[in-house]
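Please look over the sequence and the model below.

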Amino acid sequence: MTERVNNFPPLPKFLRIKPCFYQNVDEEIPQPHQQIVRRVYKLWMLYSITLCVNLVSCIAWVAGGGSAVNLGLGLLWLVLFSPCGYTCWFRPLYKAFRADSSFNFMAFFFIFFLQCVLAFIQTLGINNWGACGWIATVMFFSTNVGSGVVMLFSALLFTVVTVLMGLVLIRIHRLYRGGGGSLQRAQEEWSTGVWKNAPVREAGFNAIAETGPSLPQYPASVPSYPENRPW
């Protein structure tokens, strides 16, 4: 336990490319917040699956007589937004709960709000945007019913993802403000450089090497966020 080895994404050992992140919710996240972190992780997985389904729908779209631009953009969204979703909004949230970082909370809120807007646009399904949402699906039913049925799965998944993202954003914002978090705290972290000083924010993790895999002891100044309730 003295040196944590990166374990995400899980890659075969024969590859020269190694995992980029260390992720262990049971070890690094305080117990009251483990459930919500896991749910956001599953939401990222659901969004990635939705982008895969959307790519299949775009193939059906093109096969039914649609523009090839949608297929190219659908592939681009999958390659781009799947890894960026993990690094740009899940990791900030993970680090925010791990070290009580207001700066990372603010980064999550800003980026995740943009993600919600993007998911809503993808749900709409504007033509030549590479997303098989409702507009594209309903209009294409009159052209090719078979392709329209395949595209319908993508529209439904985008709808579910958008609704869940909105609920997650509201839930975490209430959790953060309920624990005394504010924009001022994030600005203080930025001005003092605490947000990028891992040894200061995560000094409690040094105890892991001596006591085994247990949660770190957080400083007394860390606010007590309300416990997770069913949502």
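## Arginine 98 and its partner

Arginine 98 has a relative accessible area of 9% and is therefore buried, the cut-off being under 20%. In this predicted model, arginine 98 forms a salt bridge with glutamate 28, and their closest N and O atoms are 3.7 Å apart.

Arginine 4 is partly exposed, with 36% relative accessibility.

## The remaining salt bridge

How many salt bridges does a search of the whole structure find? The search finds three. One of them is formed by the side chains of aspartate 26 and arginine 38, at 2.2 Å from N to O. Aspartate 26 is in helix α1 and arginine 38 in helix α2, and the pair links distant parts of the chain, 12 residues apart.

Is each of these two side chains buried, partly exposed or exposed, and what are the values? Aspartate 26 is partly exposed at 48% relative accessibility. Arginine 38 is partly exposed too, with a relative accessible area of 32%.

## Helix α4

Helix α4 (residues 102–124) has 23 residues. From the first C-alpha to the last, helix α4 reaches 33 Å, close to the 33 Å expected at 1.5 Å a residue. The buried residues of α4 include Phe105, Phe108, Phe109 and Phe112, and also the polar side chains of Ser102, Asn104, Gln115, Gln122 and Thr123. Cys116, Leu118 and Ala119 are buried in α4 too. An α-helix has 3.6 residues a turn, so residues three or four places apart point the same way. Glycine 125 follows α4 and has a positive phi, near 80°.

## A nonpolar surface patch

Phe120, Leu124, Ile126, Trp129, Ile135 and Met139 make a nonpolar surface patch of about 570 Å². The elements that contribute two or more residues to the patch are α4 and α5 (134–140).

Phenylalanine 120 is found in helix α4. With a relative accessible area of 47%, phenylalanine 120 is partly exposed, whereas Phe112 of α4 is buried.

## Confidence of the model

The protein has a mean pLDDT of 81, and 76% of its residues reach 70 or more. Which elements have the highest and the lowest mean pLDDT? Helix α2 (residues 34–63) has the highest, 95, and helix α9 (residues 208–211) the lowest, 39.

Over residues 203–223, pLDDT stays under 50. For this stretch the model has 34 contacts beyond four places in sequence. Where pLDDT is low, the predicted coordinates should not be read in detail.

How values were computed. Residues are numbered from 1 along each chain as its sequence is written. Side-chain values use heavy atoms; hydrogens and water are left out. pLDDT is the predictor's confidence in each residue, from 0 to 100. Helices (H or I, at least four residues) and strands (E, at least two) are DSSP runs, numbered from the N terminus. Contact means heavy atoms within 4.5 Å. The expected span of a helix is 1.5 Å times one less than its number of residues. Buried means under 20% relative accessible area, exposed over 50%, partly exposed in between (1.4 Å probe, protein chains only). Patches are made of residues with over 30% relative accessible area and no salt bridge: like charges are joined within 9 Å, nonpolar side chains (Val, Leu, Ile, Met, Phe, Trp, Tyr) within 5 Å. Accessible areas come from the Shrake-Rupley method with a 1.4 Å probe; for residues, only the protein chains shown count as cover. A salt bridge is a side-chain nitrogen of Lys or Arg within 4 Å of a carboxyl oxygen of Asp or Glu.
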